[in-house]
Amino acid sequence: MGLQNRLQLVEQRLEQACARSGRRREDVRVIAVTKYVTARTAEAVVREGVTHIGENRWPDAKAKWESLGNEAIFHYIGSLQTNKAKDVIGKFDYIHSLDRISLAEAIQKRAQALDLKVCCLLQVNVSGEHSKHGLAPEEVKPFLEELRKYDRVKPVGLMTMAPYESEPEATRPVFRALRLLRDDLNESAALSEPLTELSMGMSNDFEVAVEEGATWVRLGTVLVGKEEIEEG
Ligand SMILES: *Cc1c(COP(=O)(O)O)cnc(C)c1O
């Protein structure tokens, strides 16, 4: 299936998921995850009007950023090593994987040097799988309190990855728990601004995530496909 067909199909499925759950389509935004494809394909995706690009490693993202940095908004969705923060801060508009204070410190330092603020989503390990990064749900509130020291780090929402399930419906409790956690934090944590974003849902489970309140879905395979990549 070609790119345009995949985009159309995803659009239909998003509209249907919004309709089923009484949500407005414009409240759900798509991040095209281009980690499996070349810069050329990423350029085609942006030309088709999907202007948010997600990548999880700087070496793979570099060529895409150099080509599309002025046209697209870049989202860093992978786990970020503290000593790599300097590579991506200033280039990526959103960091979806903030999960420890040492990383906040590294982001703060780099953001200060560049005189900017960085929008961050706190990655939460809702399912408790050992293989997954992220804060435990009960750690998020104290983490947010500690984050107040870092004025260049602007928390805007929460991110999670659900375990892969052959039956996507099985992911619903994970997504629902993330939404309830966000709502609870907005009521109880002393935040200067509410957390508005929920980054959740991938190729296999995005419709369930939308039904549960996702504001960002991160779509790789289903939207941009996978290619044999030969370039660095
Ligand atoms: C790779 C990746 C995605 C996209 O994966 P697909 O299943 O191909 O849609 C989304 N989020 C994160 C954090 C990823 O690493």
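**Around the ligand**

A nitrogen atom of the ligand lies 2.8 Å from an N or O atom in the side chain of Arg 218. Keep in mind that this is a predicted model, where local features need pLDDT of at least 70, side-chain atom pairs count only at pLDDT 80 or more, and totals for chains, interfaces and linings use all residues. Residues are numbered from 1 along each chain as its sequence is written, and side-chain values use heavy atoms, leaving out hydrogens and water.

Let's stay with the ligand. One of its oxygen atoms is 2.8 Å from a polar backbone atom of Gly 220, and an oxygen atom of the ligand also has a polar side-chain atom of Thr 221 at 2.5 Å. On its own the ligand has 390 Å² of accessible area (Shrake-Rupley method, 1.4 Å probe), and the protein covers 91% of that 390 Å².

Who else is around? The ligand is surrounded by 13 residues, and Lys 35 and Ser 203 are among the closest; a residue belongs here if one of its heavy atoms lies within 4 Å of the ligand. By class, this shell has 7 nonpolar, 4 polar and 2 charged residues; Gly counts as polar, while Lys and Arg count as charged.

Now look at Ser 199, which is found in strand β7, residues 197-199 (strands are DSSP runs of E, at least two residues, numbered from the N terminus). Ser 199 counts as buried because its relative accessibility is 0%, and buried means under 20% relative accessible area with a 1.4 Å probe, protein chains only. Its side chain makes a polar contact with the side chain of His 96 at 2.9 Å. Within protein, such a contact is a pair of N or O atoms within 3.5 Å, one able to donate a hydrogen and the other to accept it, and residues adjacent in sequence count only if both atoms are side-chain atoms.

How values were computed
Helices (H or I, at least four residues) and strands (E, at least two) are DSSP runs, numbered from the N terminus. Buried means under 20% relative accessible area, exposed over 50%, partly exposed in between (1.4 Å probe, protein chains only).
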